[in-house]
Amino acid sequence: ASQLGYILFVAFLTAVYLASLLSGKAFYAAFQALPKSRALSDIGKACYGNCGETTVRFFQYLYMSLVLIILHLTCAISLGRIIPGLCVVIYSVIVAAAMIVMLQVRDMSEVGTLSLVGTATILIVVLIALIGLPIKDSGSGGGESLFPGQHSTVLLLGVAMVDVVFSFAGQIIYVELQSEMEEPRDFMKSMYTANTIMYVCYLLVGCVGYHFVGAGDLKGGDP
């Protein structure tokens, strides 16, 4: 929001949200057509043979590797804000140690349990932000605008839009999720619920944070 301005942020967030629902519906239809699929690569193989399977697997692992790097760096920087005084390398080692334990999960049912814990902690942080910011500061943080401000550049606008798209990522494991569900037909209800909750949270936190914190403090993009 600090880069896009209120109107462009809300419009683009809404567009990505609707696109995420359409993509979820497409993955649901693909799984219904091939209910024995265990992974997205199985869909690729059914459509384009071994070449399709290899290509899908390659991009899956490439995407997941890049996501892990991004999330690792974000967690390390955030940990540094909570416990200052150490270097980024030490923070990264602490995060890596915690991740090694959690990455021992081997099936989607266990991932679901971890997701519930993660979702609960995220919602708590969202509530703290939505309640704490208005109490702490009753006025605007300064620099807010309806459209991209003077500090915004083409690069920063592009990064902001990619951040919004990345926030709704997850389609890459939709087939795996459906294959582990007791009732795969309930996938659409789960997807609609999860994406709608994410949309509301992003909308509220983005707009409230932009108003009370201001564009100046948010332009760096740090977590």
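Helices (H or I, at least four residues) and strands (E, at least two) are DSSP runs, numbered from the N terminus. By that rule, this chain has eight helices and zero strands. Read from the N terminus on, its elements run α-α-α-α-α-α-α-α. The model is predicted: local features need pLDDT of at least 70, side-chain atom pairs count only at pLDDT 80 or more, and totals for chains, interfaces and linings use all residues. Residues are numbered from 1 along each chain as its sequence is written, and side-chain values use heavy atoms, with hydrogens and water left out.

**The chain as a whole**

- The chain holds 223 residues, and buried ones make up 26% of them. Buried means under 20% relative accessible area, exposed means over 50%, and partly exposed lies in between (1.4 Å probe, protein chains only).
- The accessible surface comes to about 13,900 Å². Carbon and sulfur atoms account for 72% of that surface. Such areas come from the Shrake-Rupley method with a 1.4 Å probe; for residues, only the protein chains shown count as cover.
- Take the contacts (heavy atoms within 4.5 Å) between residues at least 6 apart in sequence: 78% of these join residues at least 24 apart.

**Aromatic pairs**

- Rings of Phe, Tyr and Trp (its six-membered ring) pair if their centres lie within 6.5 Å; planes under 30 degrees apart count as stacked, over 60 as edge-to-face and the rest as tilted. The count comes to seven aromatic pairs.
- The ring centres of Phe27 and Tyr174 lie 5.8 Å apart with planes at 85°, so this pair is edge-to-face. It links distant parts of the chain: Phe27 is in helix H1 (residues 5-33) and Tyr174 in helix H6 (residues 174-180), 147 residues apart.
- Tyr174 has 8% relative accessibility and counts as buried. Tyr174 also forms an edge-to-face pair with Phe187, at 5.1 Å centre to centre and 70° between the planes. Here helix H6 is linked to helix H7 (residues 187-213), with the two residues 13 apart. Both Tyr174 and Phe187 are buried.
- Tyr17, Phe168, Tyr199 and Tyr202 form one aromatic cluster.

**A nonpolar surface patch**

- Phe58, Phe59, Leu62, Leu66 and Ile69 form a nonpolar patch on the surface. Together they have about 520 Å² of accessible area.
- Patches are made of residues with over 30% relative accessible area and no salt bridge: like charges are joined within 9 Å, nonpolar side chains (Val, Leu, Ile, Met, Phe, Trp, Tyr) within 5 Å. A salt bridge is a side-chain nitrogen of Lys or Arg within 4 Å of a carboxyl oxygen of Asp or Glu.
- Ile69 sits in helix H2 (residues 40-82). Ile69 is exposed, at 56% relative accessible area.
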